[in-house]
Amino acid sequence: MTLFPGIFRGPLEESILRRAQEKGLVQIRVHDLRSWTHDKHRVVDEPPYGGGAGMVLKPEPVFEAVEALKAGPQSRVLLLTPQGVPFTHSLAAAFSAEHHLVLLCGRYEGFDDRIRSLVDLEVSIGDYILTGGELPALVVLDAVIRLVPGVLGDAASAAQESFAGGLLDFPQFTRPPEYRGLAVPEVLLSGNHEAIRRWRRKEALRRTLTRRPELLTAAVLSEEDRALLKEVAQEVEAEAGGEAPLRLRRGSPR
Ligand code: ADE
């Protein structure tokens, strides 16, 4: 439910989200909040009580919209707002098991707080302020729909498990083996599947340790992982900082 249905057109009509709908794996309907106004000018917002700048979304159209769109007790009503719980992969997985989600796009200047009483969960996609809930709703849709069974092929679903395990992905390479002096790691050309598997796991651990160490506390780690992590930690320390941290680099290409 949005004031700007046009924002959804491109993203929902391309690529995987398009195919998911064509295959009948998901149904997405975009509703214009103004359909639930009753006045000639289709007014959806008013100045705030107590004064101040900006306009506030009125409760009536939103209440009527949610009442019309809810399909019984199995519907979950989500509100996109920077004040919500942080959106994560595990939340996406939980949503992908639901039958019916109603996504309410908030707008930049705010909404009447009574709208919160309609909502099962408020969701934020990150600590920054966007102009409205439309892009966040698309982010949620994308993350949720790719987890719906049948939407991705088998190979891709296996790759998903690596994030479900809580680590960042290992680096990938393709042809040519050397490009502008940048070589593909030898092991990947070796044909030694066990060595490749171990290298990939180790590099996933390295990426996670150097970029998002806080993820390691929640990650599911095997005995082998712990041994690899120890090696990685020693290498990172020995390499004076290890893999360059995520910062803006000037000049030389990666
Ligand atoms: N609306 C505006 N900014 C948002 C954010 N970061 N997450 C969810 N909804 C929003």
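My notes below start with the ligand and then turn to the salt bridges. I kept in mind that this is a predicted model.

**Around the ligand**

I checked which residues surround the ligand and found, among them, Leu80, Thr81, Pro82, Tyr128 and Pro136. Strand β3 (75–86) gives the largest share of this shell, three residues. Strand β5 (121–124) also supplies at least two. Then I sorted the shell by class: eight nonpolar residues, four polar and no charged ones.

Next I looked at the ligand's nitrogen atoms. A backbone N or O atom of Tyr128 sits 2.8 Å from one. For Leu130 I got 3.0 Å, again from a backbone N or O atom to a ligand nitrogen. A polar backbone atom of Ile125 is likewise 3.0 Å from a nitrogen of the ligand. The protein covers 96% of the 260 Å² of accessible area that the ligand has on its own.

**Salt bridges**

The count came to 18.

- Arg18 and Glu22 pair up at 2.7 Å, N to O. Both are in helix α2, four residues apart, about one turn. Glu22 is exposed at 54% relative accessible area.
- Lys58 and Glu60 have their closest N and O atoms 3.5 Å apart. Lys58 counts as buried at 16%, while Glu60 is partly exposed at 42%.
- Arg206 meets Glu235 at 2.9 Å. Arg206 is in helix α7 and Glu235 in helix α8, so this pair ties together parts 29 residues apart in sequence.

I also noted that Arg206 and Glu235 belong to a salt-bridge network that includes Arg198, Lys202, Glu203 and Glu231.

Notes. Residues are numbered from 1 along each chain as its sequence is written. This is a predicted model: local features need pLDDT of at least 70, side-chain atom pairs count only at pLDDT 80 or more; totals for chains, interfaces and linings use all residues. Side-chain values use heavy atoms; hydrogens and water are left out. A residue is near a molecule or strand if one of its heavy atoms lies within 4 Å of it. A polar contact is a pair of N or O atoms within 3.5 Å; within protein, one must be able to donate a hydrogen and the other to accept it, and residues adjacent in sequence count only if both atoms are side-chain atoms. Accessible areas come from the Shrake-Rupley method with a 1.4 Å probe; for residues, only the protein chains shown count as cover. Ala, Val, Leu, Ile, Met, Phe, Trp, Tyr, Cys and Pro count as nonpolar, Asp, Glu, Lys and Arg as charged, and the others, Gly among them, as polar. A salt bridge is a side-chain nitrogen of Lys or Arg within 4 Å of a carboxyl oxygen of Asp or Glu. Buried means under 20% relative accessible area, exposed over 50%, partly exposed in between (1.4 Å probe, protein chains only).
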